[in-house]
Amino acid sequence: MRELEGIGASSGLAIAPAYCLIEPNLIFDPKGVQDTEVEMERLKQSISNTKKQLKLIYDSTKQYMGEQKATIIAAQELVLEDPAWLTAISDQIKLGNNAEMALTKVADVYATTFAEMENDYMKERVADIRDVAKRMLSNLLGVNLPDLSLIQSEVILVADDLVPSLTIQLNKQYIKGIVTNIGGKTSHSAILARSLDIPAVVGSKKGTLDIKHGITLIVDGEMGRVIIDPVDDIKRFYLNKQKVLVEGGKSLRHYLSVPSTTADGHTVHIVGNIGNTHDIDAVLAHGGEGVGLFRTEFLYMNRSELPTEEEQFDVYRTVLLKMQNKPTVVRTMDIGGDKGLSYLGLPKESNPFLGYRAIRISLDRQHIFRTQLRALLKASIHGNLKIMFPMISILEEFRLAKSILLEEKQKLLNAGIPVSEKIEIGMMVETPAAAMIADFFVQEADFFSIGTNDLIQYMFAADRMNEQVSYLYQPYHPAILRAIQIVVEAAHKKDKWVGICGEMAGDQIAIPLLLGLGIDEFSMNPSAILRARSQITKLNKEELSEHLKHILTLATDKEVSQYVKEYLL
């Protein structure tokens with residue numbers, strides 16, 4: 001039995017075998033062969049196994065991610081069944097190459113040929129050819145190629161990192177826990193793990209080195225601890241602890257029908273963060289009063305081209321209809337940083353979090369932005385839509401984004417297409433610059449939503465994906481609290497509302513601070529809603545405001561945290 005320490009990124013306990021999502025060694029001996037019949041038989045078996053795997057992946061993708069995403073796998077099946085492709089590999093075997101060498105030679109020729117074509121569709125098939133060849137090669141070598149779609153039993157996922165495109169494929173039915181080498185509390189893998197209520201420990205630094213595939217793991221997401229190959233006594237202890245946590249979760253169901261009102265009668269709104277239409281069910285099941293953040297960038301990921309206006313319209317309409325006129329805040333595309341899109345040809349940057357991302361891309365590539373805005377505007381008649389722009393730093397950015405939105409609205413109205421007249425237009429406050437001039441922004445924005453994940457990283461100049469500087473992730477630091485105070489005071493002077501959609505919104509220590517500062521809306525991962533409502537109903541808003549006067553005189557994150565634990569929890 002051994003232990004790993006990391007960052008507790010998503011609370012809860014998980015006990016299951018490890019599934020190591022690590023690229024296998026696919027190096028082979030390019031030897032010549034005499035018995036070509038044996039190689040032909042090996043090739044046929046590889047094709048058969050690859051077909052079965054692609055069928056499983058297709059079915060899983062279609063069930064959990066929809067028909068559109070599944071078409072990517074269907075394209076790979078077509079490559080596998082292409083007679084010219086199979087004939088070319090067979091011809092190479094007949095020349096005396098082993099099956100591995102024959103496959104690699106043909107794949108290289110196909111990929112090079114397609115990449116040089118003028119037709120964009122054919123260029124995009126290069127990735128399909130590479131993926132199919134890789135899967136066939138792994139089957140020839142008898143090596144398991146890790147794939148989230150092929151997981152059919154309960155496991156704990158172990159990886160160097162989980163990029164957003166992989167994380168959105170997580171199936172909660174089978175993925176019971178997550179361990180990664182890198183990442184922090186606000187990395188997107190951690191955020192999505194929390195949204196799915198999957199226990200996660202990130203930033204373990206050497207998890208994939210110490211953990212072998214199939215070995216039993218215990219993931220303690222609260223303490224940031226991973227126990228490898230636990231002895232029976234330890235395993236029993238954690239199984240009992242797991243039962244206690246489950247029972248505690250059941251007791252929170254009482255708060256499904258309780259208003260989000262403090263002990264002294266102050267009402268706030270507790271809403272959910274979502275990334276797709278499936279997340280709506282979790283928001284409603286946990287008593288969410290609306291959606292405070294719809295991360296639309298996930299519509300653009302795990303595909304080879306931009307989503308069409310019609311595709312986006314269908315998604316936005318579905319979300320609004322499901323929410324049954326509850327307020328739904330949609331954030332326009334926030335691509336960049338750690339969320340790249342290969343098909344957009346974004347430039348390589350030494351510091352992408354300070355570079356070409358979010359609203360900066362939208363304002364530069366307005367055809368993408370306008371398509372999204374038109375889809376949103378057309379869907380607006382189906383619910384209570386609010387639109388906000390991410391990563392606003394200067395007034396000119398907000399003005400231009402808003403003017404483009406109003407232009408597209410007028411075009412639709414001129415064409416006789418109905419658009420809601422009640423759409424609020426707001427902005428994310430994620431940069432210190434935006435917070436400092438909130439009094440100017442509030443004259444033109446209908447609301448603010450404070451994205452504390454990015455605000456914290458920019459306030460302390462500390463990459464939130466870098467575990468080496470994770471000590472600077474200090475959500476309770478006076479600098480952050482004062483920035484939030486500036487935004488809230490500016491908004492309330494103009495009778496505008498302020499929400500929090502970063503991870504602080506559902507943080508047990510942060511909630512009393514935010515409530516005392518005057519936050520109107522708390523938007524969080526659905527699994528945190530009932531716990532947050534339970535906490536808020538026991539707090540006194542007026543008393544918290546008095547406590548804040550003292551708290552804002554404290555100098556460090558640790559001092560603030562200690563004060564909250566001592567007097568407010």
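This is a predicted model: local features need pLDDT of at least 70, side-chain atom pairs count only at pLDDT 80 or more; totals for chains, interfaces and linings use all residues.
Residues are numbered from 1 along each chain as its sequence is written, and side-chain values use heavy atoms, without hydrogens and water.

The structure holds 8 aromatic pairs (rings of Phe, Tyr and Trp, the last by its six-membered ring, with centres within 6.5 Å; stacked if the planes are under 30 degrees apart, edge-to-face if over 60, and tilted for the rest). Among them, Phe237 and Tyr238 are edge-to-face, at 5.2 Å centre to centre and 90 degrees between the planes. Tyr238 has 6% relative accessibility and therefore counts as buried (under 20% relative accessible area; exposed is over 50% and partly exposed in between, with a 1.4 Å probe and protein chains only). Phe447 and Trp497 form a stacked pair, with 4.6 Å between centres and 5 degrees between planes. Because Phe447 lies in strand 14 (residues 447-450) and Trp497 in strand 15 (residues 497-500), this pair ties together parts 50 residues apart in sequence. Strands are DSSP runs of E of at least two residues, and helices runs of H or I of at least four, numbered from the N terminus. Phe447 is buried at 0% relative accessibility, as is Trp497 at 19%.

His547 lies in helix 21 (residues 541-551). Residues up to four places away in sequence aside, His547 touches Tyr563, Tyr567 and Leu568 (heavy atoms within 4.5 Å). The C-alpha atoms of His547 and Ser403, 144 residues apart along the chain, are separated by 42 Å.
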